[in-house]
Amino acid sequence: QAQCDDGEDDSDGFSEFDTSNLISSLMANQSLDDYSISFEYTDEEGNLLTSNELRNPFNTNSQTVIATITNPLNLNCIITDEIEFVVNPLPTFTVDDSTIVCLNLDPIPIGVTSAEAEYTYEWTHTDNNGVNSPFAPNNPDCPDSSCLLIGVGGTYFVTATTTDGTNCSRTLSIDVDESIIATITLDDITVDDLTSDNNNTITIDPTNLGIGDYEYAIDDPTGPYQDEPFFEQVRPGIHTIYVRDKNDCGIAQIEVSVIGYKKFFTPNGDGIHDNWRIL
């Protein structure tokens with residue numbers, strides 16, 4: 001009997017075999033009442049045991065169990081048979097860590113990062129609505145289908161199957177989150193200017209910016225950036241607000257005007273503060 005490694009630890013070399021039909025198979029449908037049978041085997045701890053039955057399921061690594069059938073009316077009439085229990089290993093491989101895909105950028109590669117042998121690979125994708133469906137390999141850099149190009153989030157499952165005839169399979173998963181560059185309009189911005197305390201402020205409402213994780217800067221696309229969507233002590237004039245996705249999906253920007261005026265003017269013709277105007 002041969003089957004693939006299984007159980008909670010599917011890399012320990014043990015598998016649970018169904019032995020419910022073992023005795024009837026050995027006895028060729030003859031009644032066990034006319035014979036006695038014993039099995040010599042090694043248990044999970046490596047102890048050599050003899051018993052008149054094998055547990056069902058029989059949890060074992062690869063070993064040869066000796067079955068002895070005796071006719072109690074003639075103790076010289078003994079038959080022994082070797083029963084091979086073979087546990088084949090599952091594929092051993094690793095996959096990429098969880099990652100993020102930018103919906104506004106090109107697809108990204110994910111896949112198997114290492115494998116100890118030649119396997120075949122099949123992929124499925126569970127989207128954010130819980131729908132699972134096959135995902136056809138689409139990366140020309142992976143003729144063995146060990147990687148994909150993906151443009152949407154979800155959970156991607158890859159099943160590796162041995163090609164040595166044992167047909168053992170193992171499935172691993174890669175979680176992919178989604179992000180996107182912000183979409184910002186003037187409707188998302190509140191400017192509080194001409195205030196009595198001379199503290200002009202700009203507030204960004206993050207509700208409709210998108211699904212990304214964003215940070216904010218003013219007048220300089222290189223920053224410094226801050227987590228709070230709020231700026232104070234803003235001088236009058238035209239300012240540029242930058243919204244950067246923390247997952248590198250891009251920087252959105254928008255111009256905002258802050259109104260102000262000088263508190264005085266001196267129209268004495270000296271060229272200094274001669275005129276008053278809105279800033």
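**Notebook: pocket, salt bridges and cores**

I looked up the largest pocket first, and it holds about 270 Å³ of space. The model is predicted, so I note that local features need pLDDT of at least 70, side-chain atom pairs count only at pLDDT 80 or more, and totals for chains, interfaces and linings use all residues. Residues are numbered from 1 along each chain as its sequence is written, and side-chain values use heavy atoms, with hydrogens and water left out.

**Entry 1: the pocket.** I wrote down the rule: on a 1 Å grid over the protein atoms alone, a pocket is an open set of points where a 1.4 Å probe fits, with protein on both sides within 12 Å along at least five of seven lines, and lining residues have an atom within 4 Å of a point. Grid points are joined across faces, edges and corners, and the volume is the space filled by probe spheres set on the points. I found 14 lining residues, and Asn-198, Asn-200, Pro-236, Gly-260 and Tyr-261 lie nearest the centre. By class, the lining has five nonpolar, six polar and three charged residues. Here Ala, Val, Leu, Ile, Met, Phe, Trp, Tyr, Cys and Pro count as nonpolar, Asp, Glu, Lys and Arg as charged, and the others, Gly among them, as polar.

**Entry 2: salt bridges.** I counted four salt bridges, each being a side-chain nitrogen of Lys or Arg within 4 Å of a carboxyl oxygen of Asp or Glu. One of them joins Arg-170 and Asp-10 at 2.8 Å, N to O. Arg-170 lies in strand β15 (residues 169–179) and Asp-10 in the loop between β1 (2–4) and β2 (15–17), so this pair ties together parts that are 160 residues apart in sequence. Strands (E, at least two residues) are DSSP runs, numbered from the N terminus. I checked burial as well (buried is under 20% relative accessible area, exposed over 50%, partly exposed in between, with a 1.4 Å probe and protein chains only). Arg-170 is buried at 14%, while Asp-10 is partly exposed at 25%.

Another salt bridge joins Arg-244 and Glu-215 at 2.7 Å, N to O. Arg-244 is in strand β20 (residues 237–245) and Glu-215 in strand β18 (residues 214–218), so the pair links parts that are 29 residues apart in sequence. Arg-244 is partly exposed at 27%, and Glu-215 is buried at 13%.

**Entry 3: nonpolar cores.** A nonpolar core is a set of buried Ala, Val, Leu, Ile, Met, Phe, Trp, Tyr and Cys residues joined through side-chain atoms within 4.5 Å. The largest has 16 residues, of which Ile-184, Ile-202, Ile-204, Leu-209, Ile-241 and Val-243 touch the most other members. The elements giving two or more residues to this core are β17 (201–204), β18, β20 and β21. β21 gives the most, with four residues. I then listed contacts of Ile-202 (heavy atoms within 4.5 Å). Not counting residues up to four places away in sequence, Ile-202 touches several residues, among them Ile-189, Phe-230, Ile-241 and Val-258. I also noted a second, separate core of 15 residues, which includes Ile-110, Tyr-119, Tyr-156 and Ile-174.

**Entry 4: two single residues.** Asn-71 lies in strand β6 (residues 63–71) and is buried at 17%. Leaving aside neighbours within four places in sequence, Asn-71 is in contact with Asp-34, Tyr-35 and Cys-77. Asp-97 sits in the loop between β8 (93–95) and β9 (99–102) and is exposed at 66%. Asp-97 and Ser-173 are 76 residues apart in sequence and 9.1 Å apart in space, C-alpha to C-alpha.
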